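This report describes selected side-chain contacts, aromatic pairs and a surface patch. The sequence and structure are shown first.

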Amino acid sequence: MTIAQAEAAGTSPAYGLFPADDFRLTTGECADCATIEQALWFFHQETIAVPKPGLPVAGFDPRLRAAEDVRRWNAGTPPGSARDYPGLVWVGSPQVMEHVRLDASGEQLQTDEELIGFALAPRLDSNRSYYNADSKAFFNQRELRLRGKKNEKPIQFVARTIWPADFRLDPAAPLKPIAATPVALREFVRNEPQGGAQSAFATQVVWQRNPGAAQQRAGRPLIGIMLNGAQGDDDEAHGGHFGLVTGRVGPQGQMHDWLIANYYTLDSESEKGIIAAMLPMDNYLADLNSGQAWYRPSWMLVATLRDERTAAHLVSAQARVFNQFYRHQFVYQHAAANCTGISISTLRTLGWEVPVLGASSWWKAIAGLPAVSVTTGSLTKGKAIFDYFTEDQTRLLPAVAFEQAGADLLQLVSGMATRALTPYEEMLKQDVEEIILVRIPQLPSSRAWGDYPVANVDEYRSRLPQDPAMHQIVPVGPRPFPPGLKDPAMPDLKPLRSDYAVAAYAAGLLLLGGFVLRYLLRKRRGENESVAKQRDE
């Protein structure tokens, strides 16, 4: 492929389940898009793909909280009856080059016909690590797929995303079943040193509807569960990250154009340039600044489907949630509404009853709120501890969500589930053809190697340096949401559990103070009566 043949990103095969030809490329400055203005605001100078006119775009009810909005939509929309497009897909770059290799110098791209200049998109000043000689050595060994932009003078391709073409489902991967348990999935995540950060990309088929039969995997729709590991240089990121994936298997097992819903805080600027969005898999994992694979290993559970109805229903619901998220109908909360909680709540609302593990410890929460508030001098930190310990572990921790959802799906399709199934779960049971586990290594760079994510609060605390001064925390600046974009008709934000706890503590202190005051007054009155009696005598 020559530089002149570098294809527009909008003509790549798909964005998940949706043909890329159904979209056009623009930026957040778009004035004639069906996309809501709050969403566009976050992508001022970013390349995005938006649905072409006439296509059904996900909506929202401005009067409802996000969960209730999805619940009502789901009640009136059977799976398979709607295929709503997301308001935008964050593609990052306007052009794509495929089937290219780096030359030995790392400064030229070898196509089938010629050498073309190669350059990297700039490193963000706030990004503490980047592509280096180790990266070049890794990419020298394989065919690449690039997202970026071509320059004419000098003629070169400036890459923003570098995707290894061999990161794909292996058509020859044998069937190696595992137990349908959370423990088995935890073993898969942890059975390689550092969670497989430096291991090879690998796929493992763990369940098939028809073992031994020829598998027609190419073109099949899919639902995926993504787990990203712990970072090696950020003590706030040992819990990892989580997302839900939809798409179709490529002709040779390709996965670069699968669509992942990446929920991330909107109210601060990411040091890596991450913006919460639905985006293609290659951007999500391999964008030079924001790609997850540049700073930790990852794992996926992929369920291929005979019918797209459950996947289309899921991506339509996720697009609806993103509309409410961009509107600030709800905000990202590290305990109550993080990437895991938003994703798991969406699945449960649709009818996939991912198991609830409940709170880590109410006793630790009750003791922790005042203790942390006093020792740190911060009520905010005390409330955060309370919310962490009281949140359902399946909604709180990416690793736990991966284990519980993955094991539950294996039990559903194997006929091992003991509960009465919902209509959505019945469809999953009928439609899943294969379940495949994928291990994705960390891409080599100047960044420290990551590891598997922690599965409980105690594991998290064990990874932290004992000296708080040694904690690696990356400071980030705020991203204030314009008041003019806020909808006055939106319902108020739902209070956190810690808000009720603080009110309860305050009421308890007032009650205790009242008892103490009453006791002191009665004691004083008794003393006065005793003195008066003595005088009378």
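A polar contact is a pair of N or O atoms within 3.5 Å; within protein, one atom must be able to donate a hydrogen and the other to accept it, and residues adjacent in sequence count only if both atoms are side-chain atoms. The model is predicted: local features need pLDDT of at least 70, side-chain atom pairs count only at pLDDT 80 or more, and totals for chains, interfaces and linings use all residues. Residues are numbered from 1 along each chain as its sequence is written, and side-chain values use heavy atoms, with hydrogens and water left out.

**Asn289**

Asn289 lies in the loop between helix 5 (281-286) and strand 17 (298-305); helices (H or I, at least four residues) and strands (E, at least two) are DSSP runs numbered from the N terminus. The side chain of Asn289 reaches the backbone nitrogen of Leu124 at 3.0 Å and the backbone oxygen of Pro122 at 3.1 Å.

**Aromatic rings**

The structure holds 22 aromatic pairs. Rings of Phe, Tyr and Trp (its six-membered ring) pair if their centres lie within 6.5 Å; planes under 30 degrees apart count as stacked, over 60 as edge-to-face and the rest as tilted.

Phe23 in strand 4 (residues 23-27) and Tyr85 in the loop between helix 2 (66-75) and strand 6 (89-90) are 62 residues apart, and their pair links distant parts of the chain. Both Phe23 and Tyr85 are buried. Tyr131 is also buried, at 16% relative accessible area, and Phe139 is buried at 0%.

Ring pairs also link a cluster that includes Trp41, Trp90, Tyr263 and Phe481.

**Surface patch**

Leu509, Leu512, Val516, Tyr519 and Leu520 form a nonpolar surface patch with about 520 Å² of accessible area together (Shrake-Rupley method, 1.4 Å probe; for residues, only the protein chains shown count as cover). Leu512 is found in helix 14 (residues 497-536) and is exposed, with a relative accessible area of 51%.

How values were computed. Patch = residues over 30% accessible without salt bridge, like charges linked within 9 Å, V, L, I, M, F, W, Y side chains within 5 Å. Salt bridge = Lys/Arg side-chain N within 4 Å of Asp/Glu carboxyl O. Buried < 20%, exposed > 50% of the residue type's maximum accessible area, 1.4 Å probe, protein only.
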